[in-house]
Amino acid sequence: MTPNGSAMPIAAAIADLRAARSLWRTRHDAGRDPASFPSRGALERVMELLAGALYPRRLGQFRGPPADEDGFVAAKLLAAATELEREIAAELGYWQAEASSGRFDADQPTTIVRLFVAGLGEVRRLIDSDVEAAFLGDPAARSADEILVCYPGAIASLHHRVAHTLYELGAPIVARLVSELANERTGIDIHPGATIGASFFIDHGTGVVIGETAIIGERVRLYQHVTLGARTPRGDDPDRPRTRHARHPIVEDDVVIYAGATILGRVTIGTGAMIGGNVWLLDDVPAGRTVVQPEARVLDDAVGWRVREDLRDG
């Protein structure tokens, strides 16, 4: 009962919600069981375990003697692999209703996880290159440890290197959940499908968006609020928004893109180019060129006064 004595419309709300669920399941579920969808909480635990295995002393809090370090890493990897295999099996089971060949092979989750674990050495080397790029590129950094633990760009990089590997091995939902964990922590949104070369540095980072089919070369630096996105098709365009094709930028080696730049479509930013802040770009940029907004001007007192009056008067 509510304070005024009237009954809460619980029964009507239950019926309405049942109807909404039924409509949604008819339109979207196609026989899939949403309860089998991979668990975000489980993948959080997997990432914590993997971070400890990749960096046992810095992220895993290992404090034992060097002789015990491999055992610590082995325990972290075994726990991570066990839980990751369950989540990949859940993903494959979720999609099996759409598979023309029926149920996935029983050993497929195990195969994916084995290949993933086998590639962790290269994942670690790529993350190391990103941390080194940040240390070289940011005079404010006092140590590589500070970057790995504190810098949003390094946190996003670690998650992306893991997520991209899983994406390439055939677990795109698990990979997307891993990338969203980084997005939630850092405000950096990198689709796991994006291909990113070594020594990648995102400075500051908040608001960076990198789309699924983006290709980024080596030694690229992005600042905050950079978007490497796709162009939205017009209403009469035959390519619908869900059409999957190469629709995001290619950024070649040694490119710097400053804060607020928006680059849309399958354009190529050539090697060594520099894109200035707040640039809106829909075309290719040749190697070594610079793209900037018109230069800001300092107005003299008389002109500045008239501009302020015009702004005040609307």
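Visitor: Which residues in helix 3 meet helix 8, and which residues in helix 8 do they meet?

Guide: Please keep in mind that this is a predicted model. On the side of helix 3, the residues are Leu 84, Glu 87, Ile 88, Glu 91, Tyr 94 and Trp 95. They meet Pro 172, Ile 173 and Val 174 in helix 8. Sorted by class, this contact comprises seven nonpolar, no polar and two charged residues.

Visitor: At what angle do helix 3 and helix 8 pack?

Guide: The angle is about 125°, and the axes are 8 Å apart. An angle over 145 degrees would count as roughly antiparallel, and 65 to 115 as roughly perpendicular. Helix 3 and helix 8 are therefore oblique to each other.

Visitor: Which residues touch the most other members of the largest nonpolar core?

Guide: That core has 40 residues, and those touching the most other members are Leu 50, Leu 84, Ile 88, Ile 127, Val 162 and Leu 166. Helix 2 (40-54), helix 3 (69-95), helix 4 (108-118), helix 5 (120-137), helix 6 (144-150), helix 7 (152-169) and helix 8 (172-186) each give two or more residues to this core. Another core, of 27 residues, lies apart from it and includes Phe 200, Val 220, Leu 222 and Val 251.

Visitor: What is Val 162 in contact with, leaving aside its neighbours within four places in sequence?

Guide: Its partners are Met 47, Leu 50, Phe 116, Val 123 and Val 178.

Visitor: How should I read a sheet, and in what order do the five strands stand here?

Guide: Strands of a sheet pair through backbone hydrogen bonds, in either a parallel or an antiparallel sense. Here the five strands form an open sheet in the order 3-6-9-12-14, with parallel pairing. Strand 3 (201-202) and strand 14 (290-291) each have a single partner strand, so one side of each is left without a neighbour in the sheet. Strand 12 (residues 274-275) pairs with strand 14 over two bridges in the parallel sense, and Ile 275 stands opposite Val 291 in strand 14.

Visitor: Is His 248 buried or exposed?

Guide: Buried means under 20% relative accessible area. His 248 has 6% relative accessibility and therefore counts as buried. This residue is found in the loop between strand 7 (227-229) and strand 8 (250-251).

Visitor: Which residues is His 248 in contact with, leaving aside its neighbours within four places in sequence?

Guide: They are Gly 211, Glu 212, Thr 213, Ala 214, Leu 228, Gly 229, Ala 230, Gly 265 and Arg 266. As for Arg 231, 17 residues from His 248 along the chain, the C-alpha atoms of the two are separated by 8.2 Å.

Note on methods
Residues are numbered from 1 along each chain as its sequence is written. This is a predicted model: local features need pLDDT of at least 70, side-chain atom pairs count only at pLDDT 80 or more; totals for chains, interfaces and linings use all residues. Side-chain values use heavy atoms; hydrogens and water are left out. A nonpolar core is a set of buried Ala, Val, Leu, Ile, Met, Phe, Trp, Tyr and Cys residues joined through side-chain atoms within 4.5 Å. Buried means under 20% relative accessible area, exposed over 50%, partly exposed in between (1.4 Å probe, protein chains only). Helices (H or I, at least four residues) and strands (E, at least two) are DSSP runs, numbered from the N terminus. Contact means heavy atoms within 4.5 Å. Two strands pair if DSSP finds at least two bridges between them. Axes are lines fitted to C-alpha atoms, for helices over the stretch in contact, and angles run from 0 to 180 degrees between N-to-C directions. Angles under 35 degrees count as roughly parallel, over 145 as roughly antiparallel, 65 to 115 as roughly perpendicular and the rest as oblique. Ala, Val, Leu, Ile, Met, Phe, Trp, Tyr, Cys and Pro count as nonpolar, Asp, Glu, Lys and Arg as charged, and the others, Gly among them, as polar.
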